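Here's a quick briefing for anyone about to set up calculations on this model. Take a look at the sequence and structure first.

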Amino acid sequence: MRAFTYQRATSPREAAAAVAGKRGAMFLGGGTNLLDLMKLEIEVPTHLVDVQDIGLDAIEETDEGGLRIGALVSNTALAADARVRRDYAVLSRAIVAGASGQLRNKATTAGNLLQRTRCPYFYDPNMPCNKRKPGTGCAAIEGYSRQLAVIGTSDKCIATYPGDMAVALRVLDAEVETIKADGATRSIPIADFHRLPGDAPERDNVLEPGELITGVVLPGPIGGTHVYRKVRDRRSYAFALVSVAAVIQDDGTGRVAFGGVAPKPWRDEAAEAALPQGAKAVVSRAFAKARPSEHNKFKITLAERTLAAVIAKARS
Amino acid sequence: MEFTAPAGRNLFDSSKVVGKSTQRIDGPLKTTGTAPYAYERHDVAANQAYGYIVGSAIAKGRITAMDLSEARAAPGVIAIVAAPETEPVGKGMSNNAPLFGGRDIAHYHQAIACVVAETFEQARAAAGLIRTTYARADGRFDLPEAAPQAPLAKTGGGKPDKKTLGDFDAAYAAAPVKFDGRYTTPDETHAMMEPHATIASWEGDKLTLWTSNQMIQWGKESMGKILGIDPENVRLDSPYIGGGFGGKLFIRSDAVLAALAAKAAKRPVKITLQRPLVANNTTHRHATIQRVRIGAQNDGRITAIAHENWSGNLNGEDGENGTLQTPKLYAGANRLTANYIATLDLPEGNAMRAPGEAVGHLALEAAMDELAEKLGMDPIELRIRNEPEMVPGSPDKKFSERNLVRCLREGAERFGWSRRSAKPGTVREGDWLIGMGVAAGYRGGPTQESGARVSLAKDGGLKVETDMTDIGTGSYTIIAQTAAESLGVPLEKVSVVLGDSRFPASSGSGGQWGAASSTAGVYAACVELRRKIGEKLGFAGDDAVFENGRIRAGGKDMALTEAGAISAEGSISFGDFKSGYDVGTYAAHFCEIAVDAYTGETRIRRMLAVCDAGRILNPLSARSQVIGAMVMAAGAALMEELAVDTRFGFFVNHDLAGYEVPVHADIPHQEVVFLDTLDDIVSPLKAKGVGELGICGPGAAVANAIYNATGIRVRDYPLTLDKYLDRLPEPV
Ligand SMILES: Cc1cc2nc3c(=O)[nH]c(=O)nc-3n(C[C@H](O)[C@H](O)[C@H](O)COP(=O)(O)OP(=O)(O)OC[C@H]3O[C@@H](n4cnc5c(N)ncnc54)[C@H](O)[C@@H]3O)c2cc1C
Ligand code: SF4
C-alpha cells in the first residue's frame, strides 16, 4: 500500500470536486473492496475522499412510486428495509446472498456497484492483466478461467463482474444517479452503467473521473415472484459461479438476469421473452454469443439448470 | 524410561483425570484473546521493527537485476536484505530450495528480499518499490504431463518405493471380478488461520526466535544448519500456534528472514507471511494421480490389490505417498504398491495433515465402493469380508489392536445404514437427490522419544515444562491431566509451559504422534519425580500410591507437600519390540448428502465417525480434533484445490477468497464416537492420536454418498458440480 492523504467531505458536490480536482484521488465508501486492493497495490490512490459524512444514507419514496436508495445506505440496511423486502424481494435476497454479515454492514450501495472483478490474475500484481495494467496482456485467457466470464468478453479481458446486488438491480431496471464536480447530475440506466471490456478493460463502468454516485432509483414495483438463486462451491461466503435474478409473473412471463457469467449483470430482453417456454429457450438465446473456455463452459449448462429451478420455484 | 514391553496394568487403568472430558486449560486465554501468538509478542523484545517479505514474480530462472534505491529511500526503511546480495542460506530439514539467497529462483514466491521498517505499512510500501528483473527459464509444472515418465520415488531408506507380495498380475488376471480406476487429487494448502510468523532477536551470537512452529527441536537444528551457526545458540519459543496442519513442521522463510533482517537492522524484527505467500512460498500437499486395481472372488474376497501413485516435487525424490494405508486395510495375498515421483518446479510439496493417507483414502475407499457395486455387495459387508488376521502387506506383523469391524458395525447401527438404498439415484426429497456413503479409515499410531521436566512447588503446585507444542490440538490439557494423574493432585494444581527449546526435548506435534508420545514423556518425568520424592522421604517411589495430594507408601501416609520443592526430568523412548506390530488407528466414516437435482450443489446433511484409537485421553478435545479433520476431509472432497497455472508455474488462487474451505453452513451435523479400547503396545497410557485419523476416510464417504445419491461417479477431486452437471438426470 502506498502512502496517501485523506479527507472527509461533507457534501456530495464537495466530494466530487475533491476527487475531480486531484490526480489519483478516489472516493472511499465502506472500504471493503478499495482497501484490500490498495494493500496489494492494485489500486494506488494518492488521496482518499471519504464520503461517509455527505448524507445520502436514506431510502426515500419517489413521486413515481419507486424508491431512491442513497449511495451510502449500507447493504444490511437496504436488504432489511421493509419496503424493499415487500416490493423488491429479489434485491434483498441478492444482497444477503453476498459477502458476510460484517462486510454487508460496512459496504455501501455505491461501493457495491463499483466492486472490482475477482479474477485471480487481477489480484496477483506479478501477472499480466489488461484490467489492472493496460497493455500487459491477459493471463486468464489461456489460464485458470473457471470463475470467469463466458459472454460479453473480449480478447483483452474475460473477467466477470462479481457482485450480486447489481444483478437484482438489473432485473428491476434501476437507474444510477450521479453528480459531477460542476454540480451537473445525470441518471444512468443500470443496463448502461457497467461496461463490456472491449479494448479498454480497465474501465469497468461509464463513470467519469470525479463523478460521484449519489443514489440508485428503483421504478415502481412490478409485482411477480422474486427469486435470487446463487450457485457457488460452498454454501456461503463465496462469489457466484452463476446466479439468477428473476421476477416471474403468474402468466409465466417475467424478467431474468444472470450473474457470474459476464463483465456485467447479463440480461437479454429478447431472450427473456421466451420465459414462458422455459429455461432452455431463454438460455439458448441469451448465451447464443457465448465464448466460454474449457474451464467455464459448464456455466452455460449451469445457467440453464439454475433458471429451470427458479422457474419451477416460481410456479410452485 | 524405556518402553520395552506391552504395558501391563498401571495407574491409568483406574484413572480419575486422564480419559475424562476436560475443558482446555488454555481455553480462557484463547477465548479472551490473551494467548499471545508469535506476531503479537510485543513484550518479549524491545524496539521491534517490521519486516516484509517480497516473493519472486517468476517460478524458475534468475534474478538479473534488483534495484533497491527507491525502496531504500522510502520513509521509515531501516534495512533491506536482498537475495542477490546474500549467499544462499543452508538447507534445513525438508528444505528443497534454499529459503533465501542467491540469484537462482526455484519456485514462485520464493523469498527474494525483505524490507525492514519502523512500521508494517512502511515496510510493505517500500517492498512495492523494489524493482526486480528476471531471466525466465522453462520449468516443469504439469503433473499429468510429467507422470508417465516419472521414476519410482525413494523410501526413507533411499530404496525404490515399490513393494510386491505374491503375484499381482496373475491373480488379477484370474479374478472373476475386477475393478480398475484412476483417481486424481489436487494440490492443497494448509490454510491455517495464523500465517507463519516470527520475531527474531540477536544477543551477540545468540539468536532467539519467537515463532509459530510445530517441531521445536527440528527447528532449532535446522536453524543452525540454515545460518551455519551452532544450534545451541538458537532458541525457539512457540507456546501458541494458530494451526499448522504440517505447514509449520519445518523452518520457513519467516524465521530465516526475521533472523537475517534482525542482524541487518541491528534490532529485533518481526515478520508474518502475507496470505498469498502461504500457498506459494511455503509447503503444500502434493497433487496425486492414483490407480487402484482390485481383483476379487465372487464372494467379495480380495485376491489381488494394486495401488500406484504419482506425485511431483521439487526434489524429485519423495512426494505424496497415497498408498500408505493400502498394505494395512484389507486382506489379499497378491499385492503391489508403488510410488512414482516427477520433478516439478512448483513450490515445495510436503506434509499436510495425514500426508499420504488423507488422499490415499480418497482413491482406495472410493475404489472399494466401486468394487462393492460390481459385486452387488453392501460396501460395509465387503470391508468386513476382507478383514485381515495379520498385516496384509507385511504378513509377519501383528496388529497391536484393531477394531475396524466393530467401528463399521457400530457406525452402521448408529447412522441408520440400513435405510440406505443400494441402488444409486433412487432416493429423492423434493429437489434433492439423497445418498449415503461409507469409508474405512486407517492412520498409523506412531510414537517418538519425548521428554519433560516436572517440578513440585512447596505449596503442592505442579509445573510441567516440555518443548512439546499445542497447535490447537489440546496438548496443554492432556499433559496437565497426565501429570495430575501421575502425582495424584487435582488438575487445577498443574500448570503447563510448552514450546520453549530450553525445556526438555519432546516429540513435537506431527504425524499424529504428539498426544501419545508427549503424555508418555510427561509420565516418565513424573515417575522420576515420584522416585526422587521417595528418596527424599524414605520410600520406594515406584511402589507408592499418589492420590488426593497424599502419598501412601510402606504403611505410611503423608502429604505430598512434605516433599517440599523438588523437580525431575524424564523421557520416554520406545523399544524394538514394537517392530513386530503395526500400531494403527481405525475409523468408520459415514456421510449423508443431498445433491440438488437442478444445479448439482451438494449439501452434507450428517457425518459420523466411529474411531478406534486406544485410550482417549480427553474425549472433549479428541472429539474436536476429529470434527475438524472431518471438515477438512469434506473440504478436500468437495472444494479445496490449489489451481496450478502450468504456464506461469504457480498456484493461482492463493488467498482465502480463491481457496475455499468449508463454512459452517456446509456441514450442519457431525458426530464422533470413540470405541472404548486400549492399545498396550503403544505406550504406558495405551493411547494413540486421533487428529489425522479423522481426515482419513470421510472424504471418500462423501464421494461415495454423492454416487449413491446421483449414480454419477467422479474420480477427480474435488467433486465440484462442473464435473458432473451434464450427467445429472433431467430435473423434475
Ligand atoms: C471476503 C469478501 C467477500 C465478498 N463476497 C461478496 C459476494 O459474495 N457478493 C458480492 O456482491 N460482493 C461481495 N463482496 C464485495 C462487497 O460487496 C464489496 O466489497 C462492497 O459492496 C463494496 O462496498 P464499499 O462501500 O465497501 O466500497 P469501497 O471499497 O469503499 O469502494 C469500492 C469502489 O467504489 C468507489 N466508490 C465508493 N463510493 C462511491 C460513490 N459514492 N461514488 C463513486 N464511487 C464510489 C471507491 O472509490 C472504490 O473504487 C465481498 C467482499 C469481500 C471482502
Ligand atoms: S480476465 Fe481481465 S482481469 Fe483477468 S487477467 Fe485478464 S485482463 Fe486481467
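What follows covers voids, helix packing and a couple of backbone details.

This is a predicted model, so to speak of local features pLDDT has to be at least 70, side-chain atom pairs count only at pLDDT 80 or more, and totals for chains, interfaces and linings use all residues. Residues are numbered from 1 along each chain as its sequence is written, chains are lettered from A and ligands numbered from 1 in the order in which they are written, and side-chain values use heavy atoms, with hydrogens and water left out.

**Cavities**

- The structure holds nine cavities of 30 Å³ or more. A cavity here is a set of points, on a 1 Å grid over the protein atoms alone, where a 1.4 Å probe fits but cannot get out, and lining residues have an atom within 4 Å of a point. Grid points are joined across faces, edges and corners, and a volume is the space filled by probe spheres set on the points.
- The largest cavity comes in at about 460 Å³. It has 28 lining residues, and the closest to its centre are Arg118(A), Gln147(A), Ala657(B), Gly658(B) and Glu660(B).
- By class, the lining of the largest cavity splits into 13 nonpolar, eight polar and seven charged residues. For the record, Ala, Val, Leu, Ile, Met, Phe, Trp, Tyr, Cys and Pro count as nonpolar, Asp, Glu, Lys and Arg as charged, and the others, Gly among them, as polar.
- The second largest cavity has a volume of about 160 Å³. Its lining has 18 residues, with Arg232(A), Asp233(A), Arg234(A), Thr602(B) and Leu638(B) nearest the centre.
- Helices (H or I, at least four residues) and strands (E, at least two) are DSSP runs, numbered from the N terminus.
- The lining of the second largest cavity holds nine nonpolar, three polar and six charged residues.

**The second largest pocket**

- About 1,100 Å³ of space lies in the second largest pocket; a pocket is an open set of points with protein on both sides within 12 Å along at least five of seven lines.
- The pocket is lined by 44 residues, and His295(A), Pro144(B), Glu641(B), Val644(B) and Lys723(B) lie nearest its centre.
- Elements that each supply at least two lining residues include helix H12 (298–315) of chain A and, from chain B, strand S14 (288–296) and strand S15 (302–313). The largest share, three residues, comes from S9(B).
- The pocket lining divides into 17 nonpolar, 13 polar and 14 charged residues.

**Helix packing in chain B**

- H6 (residues 216–227) and H7 (residues 253–265) of chain B pack at about 55 degrees, with their axes 11 Å apart. That makes H6(B) oblique to H7(B). Axes are lines fitted to C-alpha atoms, for helices over the stretch in contact, and angles run from 0 to 180 degrees between N-to-C directions. Angles under 35 degrees count as roughly parallel, over 145 as roughly antiparallel, 65 to 115 as roughly perpendicular and the rest as oblique.
- Met223(B), Ile226(B) and Leu227(B) of H6(B) touch Ala255(B), Val256(B), Ala259(B) and Leu260(B) of H7(B), contact meaning heavy atoms within 4.5 Å. That contact has seven nonpolar, no polar and no charged residues.
- H13 (residues 475–487) and H14 (residues 514–537) of chain B meet at about 30 degrees, axes 9 Å apart, and are therefore roughly parallel to each other.
- Residues in the H13(B)–H14(B) contact include Ile478(B) and Thr482(B) from H13(B), and Val522(B), Cys526(B) and Arg530(B) from H14(B). The classes are 10 nonpolar, four polar and one charged.
- H15(B) and H16(B) pack at about 50 degrees with axes 7 Å apart, which makes H15(B) oblique to H16(B).
- Met630(B), Ala633(B), Ala637(B) and Leu638(B) in H15(B) meet Pro698(B), Gly699(B), Val702(B) and Ile706(B) in H16(B); the tally is seven nonpolar, one polar and no charged residues.

**Backbone details**

- A cis peptide bond joins Tyr717(B) and Pro718(B), with omega about -5 degrees. Pro718(B) sits in the segment after helix H16 (698–710) of chain B.
- Leu56(A) has phi near 55 degrees, a positive value in a residue other than glycine. Leu56(A) lies in the loop between strand S3 (47–50) and strand S4 (59–61) of chain A.
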